[in-house]
Amino acid sequence: MTELAISSQGLQKIYPQVRAVDGLDLNVPRGAVYGFLGRNGAGKTTTIKTLLGLVRPSAGAAQVLGLDIRKDHLAILERTGFVSETKLLFESLTARQLIRFNRGYFPKWSDALAERYAGLFEIPMDQPFRKLSLGNRTKVCHLLALSQGADLLLLDDPTSGLDPVMTDLLMEILIEDHVNEGRTVLFSSHHLSEVEKIAEWIGILEAGKLLLEARLEDIRQNFRLVIVSGDSLLMLAAPNLVFHKRAEKFSRFLVSYDAEEFAAKLRGEGATVLEISPVNLGEVFLGLAGKELPCMPGSAGTTRATA
Amino acid sequence: MLFHVNTSSGVPVYLQIEGQVKHAVAAGALKQGDVLLSVRKLAAELRVNPNTVARAYQNLESHGVIRAVPGGGTYVADCQPGLLKSEKVRRLRPLARQLAVEGAQLRLAPEEVVKLLEDEMNGLGGRR
């Protein structure tokens with residue numbers, strides 16, 4: 001048994017027009033809840049499909065539950081619950097028929113769980129899938145993925161179309177029935193407050209590359225935003241620097257550890273340190289993946305909001 | 001339901017849980033010997049990672065607020081333990097400093113800040 005539920009080394013998926021996954025080194029510990037973050041088109045969906053063996057990698061390697069994605073993808077699919085971004089299933093089948101169709105593929109399938117989720121999610125079980133709303137389609141996808149007794153759940157945007165009550169219910173189910181049982185959950189999401197509550201690890205993806213992979217607790221405890229003013233700041237090539245942004249005479253540095261020492265160096269260069277403050281996930285994400293608005297004429301002399 | 005968490009507050013979730021347990025004990029809402037929800041139950045109830053709750057419980061236990069019986073649940077411990085006075089003061093000092101800074105910022109007189117603190121202490125009621 002390896003310690004990691006998912007690990008990849010230099011994983012690549014190159015399409016003619018785009019390098020969707022571009023040298024990814026992912027490490028998802030067993031039993032962790034891993035929030036997989038990134039802007040639209042960052043490569044999250046392609047990564048998830050590649051890990052499942054649904055898309056062939058162009059280069060690199062990856063192991064899921066200790067299995068090789070190039071050779072063992074059937075075994076991976078058997079042990080992994082997957083909710084796709086598109087939430088597409090056979091259109092003409094009802095939820096009840098989909099359950100009958102799916103259960104045979106999964107040796108650890110639980111009818112009791114399927115029944116429990118059908119009730120909790122209030123799913124219309126006898127309507128053909130094509131007649132269901134996006135929310136109900138999402139719920140059917142969850143019912144199927146969560147009932148199969150999987151060791152790993154890969155959930156691509158799992159809350160799309162769900163109302164706040166159902167989102168909350170899904171979180172409760174994930175914790176109660178899956179995380180508490182030591183299963184691994186990786187989910188992509190744009191809802192940072194959800195991720196911040198439930199995730200233990202986060203990975204931030206941009207243009208197919210992982211910009212940051214860290215324990216959320218480490219971000220809260222050790223990451224600090226250092227805000228300084230000063231005219232001629234050298235860009236520091238410090239190993240603990242995550243990003244640096246500059247707007248007029250102010251600079252913001254995100255450092256991953258030893259913030260006080262870092263600030264002391266800046267003071268040594270003649271800068272005035274205005275603030276050293278903890279950061280939340282949103283600030284880290286926007287700092288790494290966010291765009292800055294172009295400077296508008298007439299705004300000279302004011303401080304631009306940093307994305 | 002006694003506890004709640006707010007992820008946008010910037011306060012780490014485990015500290016929020018710690019703070020709420022301490023507050024409930026100080027206010028007498030939780031009494032010595034009361035049973036706390038298990039880590040798994042509270043995690044599911046709050047929709048937070050079980051490790052987060054486990055961490056809060058560990059800290060509360062090391063501060064002597066709660067007591068975990070292996071395999072037998074978690075209870076509110078008997079009174080504040082035999083902490084040295086100097087240790088109690090050390091733990092409280094950062095909060096006192098913050099209060100002083102905020103008070104000065106708002107141009108409140110020291111007596112007004114102290115009065116505020118007294119009101120809050122009185123508001124706790126319960127055992128002290």
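**Entry 1**

Buried means under 20% relative accessible area, exposed means over 50%, and partly exposed is in between (1.4 Å probe, protein chains only). Salt bridges that share partners join R19(A), D22(A) and K209(A) into one network. A salt bridge here is a side-chain nitrogen of Lys or Arg within 4 Å of a carboxyl oxygen of Asp or Glu.

Back at my pair, I saw that E217(A) and R220(A) form a salt bridge, with 3.5 Å between the closest N and O atoms. Both residues lie in helix α8 (residues 216-222) of chain A, three residues apart, which is about one turn of the helix. Helices (H or I, at least four residues) and strands (E, at least two) are DSSP runs, numbered from the N terminus.

I noted how the model is read: residues are numbered from 1 along each chain as its sequence is written, and chains are lettered from A and ligands numbered from 1 in the order in which they are written. Because the model is predicted, local features need pLDDT of at least 70, side-chain atom pairs count only at pLDDT 80 or more, and totals for chains, interfaces and linings use all residues, while side-chain values use heavy atoms, with hydrogens and water left out.

How many salt bridges does the structure hold over all chains? I found 19. Side chains of opposite charge can pair when their charged atoms come close.

I picked out R47(B), which forms a salt bridge with E172(A), the closest N and O atoms being 3.2 Å apart. This pair crosses between chains: R47(B) sits in the loop between α2 (39-46) and α3 (50-62) of chain B, and E172(A) in helix α6 (residues 164-179) of chain A. R47(B) is buried, at 14% relative accessible area, whereas E172(A) is partly exposed, at 22%.

Next I looked at R215(A) and E200(A), whose side chains meet in a salt bridge (3.0 Å, N to O). R215(A) lies in strand β11 (residues 209-215) and E200(A) in the loop between α7 (192-198) and β10 (201-206), both of chain A, so the pair ties together parts that are 15 residues apart in sequence. Is E200(A) buried or exposed? E200(A) counts as buried, at 15% relative accessibility, and R215(A) is partly exposed, at 38%.

**Entry 1: spaces inside**

I searched for cavities and found one of 30 Å³ or more. On a 1 Å grid over the protein atoms alone, a cavity is a set of points where a 1.4 Å probe fits but cannot get out, and a pocket is an open set with protein on both sides within 12 Å along at least five of seven lines; lining residues have an atom within 4 Å of a point. Grid points are joined across faces, edges and corners, and a volume is the space filled by probe spheres set on the points.

The largest cavity holds about 30 Å³ of space. Which residues line the largest cavity? They are T45(A), K49(A), S84(A), E85(A) and T86(A).

The second largest pocket has a volume of about 660 Å³. Of its 21 lining residues, L77(A), F82(A), L89(A), N102(A) and F106(A) are the closest to its centre. At least two lining residues come from each of α2 (73-79), β7 (80-83), α3 (95-103) and α5 (134-146) of chain A.

Most residues other than glycine have a negative phi, and most peptide bonds are trans. K87(A) is in the loop between β7 and α3 of chain A and counts as buried, at 1% relative accessibility.

A207(A) is not a glycine either, and has a positive phi of about 50 degrees. A207(A) is in the loop between β10 and β11 of chain A and is partly exposed, with a relative accessible area of 49%.

**Entry 2: L144(A) and chain B**

I found L144(A) in helix α5 of chain A, buried at 4% relative accessible area. L144(A) and Y117(A) are 27 residues apart in sequence and 9.2 Å apart in space, C-alpha to C-alpha.

Last, I turned to chain B, which has five helices and three strands. Along the sequence they follow the pattern α-β-α-α-β-β-α-α. Of the 128 residues in chain B, 30% are buried.
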